[in-house]
Amino acid sequence: MNGAGASPGDVVAGLSSTEVAARLADGRSNAAATTTSRTMREILRSNILTRFNAILGTLLLVIVAIGRWQDGLFGLVLVANTLIGVVQETRAKRQLDRLAILHAPRAHVRRDGASRDVAVDDVVQDDLVIVGAGDQIVADGDVVASTSLHVDESLLSGESEPVAKVVGDRVLSGSYVVSGSGLFRATDVGERSYARRLTSESRGFALVHSEILAGVNRLLRYITWAIPPVALLLLRQRYPSSSWRDIATGVVAGLVGMVPQGLVLLTSIAFGAAALALSRRHVLLQQMPAVEALARVDVACFDKTGTLTDGSVAFDRLEVIEGDVADLHGALAELLGADATTSTMAALHEGLRLEPRATARVVVPFASARKWSGVTLADSHSWVLGAPEIVLDSNDNRSARERAALVAASGARVIALAHSSEPLLETGLPDDLRAAGLIVLTERVRPDARETIDYFIREGVRCWVISGDHPATVGEIARRAGVPGADTPRDARTLVDDDAVRLALESTTVFGRVTPHQKRVMVEGLQARGHTVAMTGDGVNDVPALKRADVAIALGTATPATRAVAEIVLLDNRFASLPVAVAEGRRVAANIERVANTFLTKTVWATALALIVGIAAWPFPLLPRHLTIIDSLTIGIPSFFLALAPNARRYVPGFVGRVLRFAVPGGLVVAAGLLISYAVTRGRGAPRTEQSSEALLVALGLGLVILALTAYPLTWRRWVLLIGVAAGGTLPFACSEGRRFLELSSPSWRVAVESTAIVLAGSAILVATWNGTRRSTRRARP
């Protein structure tokens with residue numbers, strides 16, 4: 001026992017039930033408004049209250065109100081899109097909530113003179129909390145009793161070395177006990193505790209930025225602005241030549257065609273499929289767009305303790321200074337037999353494969369005040385194991401002490417083994433203590449860390465390591481993990497302000513002694529240089545940086561607060577899952593860009609067609625149900641297969657610009673073809689069903705050409721897809737019931753010839769446009 005005060009085993013009354021009740025009543029408890037994931041209300045609101053749903057929902061209500069339910073098939077897209085988002089995010093929420101329950105700690109307190117277990121939220125101010133090895137510190141407090149109490153504060157500070165705590169020392173919530181036992185009085189609980197203050201920045205849930213979704217939403221915003229004038233134009237020009245139901249149906253047809261409804265749905269499906277594929281590899285996506293954001297990352301920042309390393313120490317080597325290896329192994333076996341509970345002894349046992357012995361005549365257990373432990377054998381010969389600066393403090397051991405300091409400077413942990421001919425006393429070390437050997441321990445680097453770092457480097461992603469641990473230790477771990485620049489780590493304590501931190505990023509990639517605030521500044525500094533930053537961490541001290549990062553990645557063993565702010569959680573703590581997630585993101589981004597050409601081309605031609613027929617005072621040539629067929633056959637169904645196909649193309653910024661380079665001219669070509677067809681059939685006085693039939697054939701034919709261009713290069717599977725689409729295009733005309741439902745007529749030879757000629761002419765222009773845009777895109781890429 002260290003210092004004055006009662007030991008954990010003493011009868012200490014603690015608070016009475018009345019005192020506890022009073023503190024609970026006035027809010028002095030450990031309860032706090034923390035969350036492990038988004039609430040169901042937040043999930044439903046973010047997936048239902050969208051611009052896309054508002055546009056299609058309004059148009060669907062109009063169709064339902066006028067009784068034309070046949071033209072309301074587009075409502076299925078609205079429902080499906082919403083359900084996919086809600087189901088995936090709910091699944092992620094349940095997984096995180098289960099993790100939180102699994103890792104939820106309990107507290108052991110003294111109340112009314114007895115020990116009892118209580119929920120962490122039920123700990124109150126002034127509670128006496130009993131802690132032992134493996135227990136989490138659940139509130140801030142002052143130590144009132146300590147028996148070799150050592151606390152790991154790496155989740156708060158990044159420092160990997162356990163900190164000895166004696167009576168009167170401060171303990172902080174979020175740390176945990178690695179050895180010994182103790183008793184502390186809770187002084188700051190709930191929102192006032194250190195860990196809760198540090199994570200206060202994570203209380204608000206921020207949606208991850210997705211360039212694809214941002215681009216789609218930007219297009220939807222433009223479409224929203226265009227809808228009112230287009231609708232008024234259609235109403236004014238067509239009224240009163242038709243019934244009000246026909247007018248409303250025509251207006252809805254024109255407006256529905258303007259919305260790239262399938263693109264929003266397909267994006268959700270592609271994200272959902274990626275989330276499902278990653279879940280099989282124990283990678284949890286809190287937000288579906290995170291997988292696309294990860295594909296855009298060009299800078300990855302890693303914490304060290306518990307992230308690049310697994311948090312444990314391993315035996316590296318035994319440097320013999322005096323005697324032979326067998327004698328030193330025998331001494332270590334005796335020390336293991338005396339006390340094998342500490343992490344140091346566990347590492348020695350595993351590394352040297354020694355069988356513990358218990359023949360010592362005198363055992364002096366390790367104590368934080370002494371910083372050493374020892375045994376005296378039957379022949380009165382003693383062995384001591386401890387901190388070099390304590391055990392090797394005499395002039396005779398100067399060279400050994402200097403060697404220990406040199407090894408420690410490389411980032412390793414060094415323990416001295418010394419021997420004496422005198423028996424041990426707890427009051428002090430023998431005078432004739434001589435160095436026998438140095439035991440070198442290192443932190444375990446995760447076995448897949450180097451492989452993952454190498455992957456990022458090959459893919460052009462720059463890596464930074466930012467840790468609260470000693471710079472030399474951080475540099476050594478970064479070197480073993482293969483991080484460039486690990487040979488010149490920087491001590492962040494020398495960076496006097498935020499500007500100095502940002503400036504240091506230009507020349508340094510490995511930092512030690514970084515505060516949580518500095519981690520956040522580093523992430524923001526990299527973003528200010530135009531980088532897309534991913535941050536990986538597991539501790540409370542990583543939360544501010546994770547919150548600011550473009551993509552926050554947490555390990556499954558991370559604190560609940562850390563997992564709550566992360567978009568991606570590696571449930572099995574395997575770094576090797578990150579390259580898989582990046583590959584999934586790249587596949588999703590490249591394929592969505594591929595199929596977006598078909599969707600946005602249709603948006604352009606539908607908008608142009610609505611404007612021109614409105615100005616010309618013509619009825620809209622297609623019904624909403626016709627547009628559903630066009631969407632399904634030439635865009636939606638084939639795009640589903642294309643979006644899920646393999647695609648290893650690296651992410652290239654500028655999604656919207658590249659797509660519009662073809663969609664705008666391509667859409668105008670289709671609109672011109674439809675207008676020519678419509679003008680020809682109207683000019684000869686063809687019935688409305690024939691006008692719609694020829695317009696539908698032209699739209700299907702040109703849509704098939706655009707699909708073929710988008711699917712290029714054409715593999716045999718894609719040829720099968722195109723043939724299937726072409727065959728499907730004949731189905732609306734194949735039977736009388738279908739034609740009646742769709743209000744079409746059986747194509748005459750004249751309709752067949754006219755539509756074929758228009759499609760062939762339009763195809764030639766579309767191919768030339770496609771080739772021109774591809775050449776300009778290649779020239780525009782850096």
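The model is predicted, so local features need pLDDT of at least 70 and side-chain atom pairs count only at pLDDT 80 or more, while totals for chains, interfaces and linings use all residues. Residues are numbered from 1 along each chain as its sequence is written, and side-chain values use heavy atoms, with hydrogens and water left out.

**Whole chain**
- The chain holds 28 helices and 21 strands, taken as DSSP runs (H or I of at least four residues for helices, E of at least two for strands) and numbered from the N terminus.
- Of its 782 residues, 56% count as buried, that is, under 20% relative accessible area with a 1.4 Å probe and protein chains only.

**Helices 25 and 26**
- Helix 25 (residues 688-711) packs against helix 26 (residues 716-728) at an angle of about 170°, with the axes 11 Å apart, the axes being lines fitted to C-alpha atoms over the stretch in contact and angles running from 0 to 180 degrees between N-to-C directions.
- That makes helix 25 roughly antiparallel to helix 26 (over 145 degrees).
- Leu-704, Leu-707, Ala-708 and Ala-711 of helix 25 meet Arg-718, Leu-722, Val-725 and Ala-726 of helix 26, where contact means heavy atoms within 4.5 Å.

- Eight strands form an open sheet of mixed pairing in the order 8-21-20-19-9-16-18-17, two strands being paired if DSSP finds at least two bridges between them.
- Strand 8 (283-285) and strand 17 (490-491) stand at the edges with a single partner strand each, so one side of each is left without a neighbour in the sheet.
- Strand 19 (residues 533-537) and strand 20 (residues 551-555) run parallel and are joined by four bridges, and Ala-534 stands opposite Val-551 in strand 20.

Note on methods. Angles under 35 degrees count as roughly parallel, over 145 as roughly antiparallel, 65 to 115 as roughly perpendicular and the rest as oblique. Buried means under 20% relative accessible area, exposed over 50%, partly exposed in between (1.4 Å probe, protein chains only).
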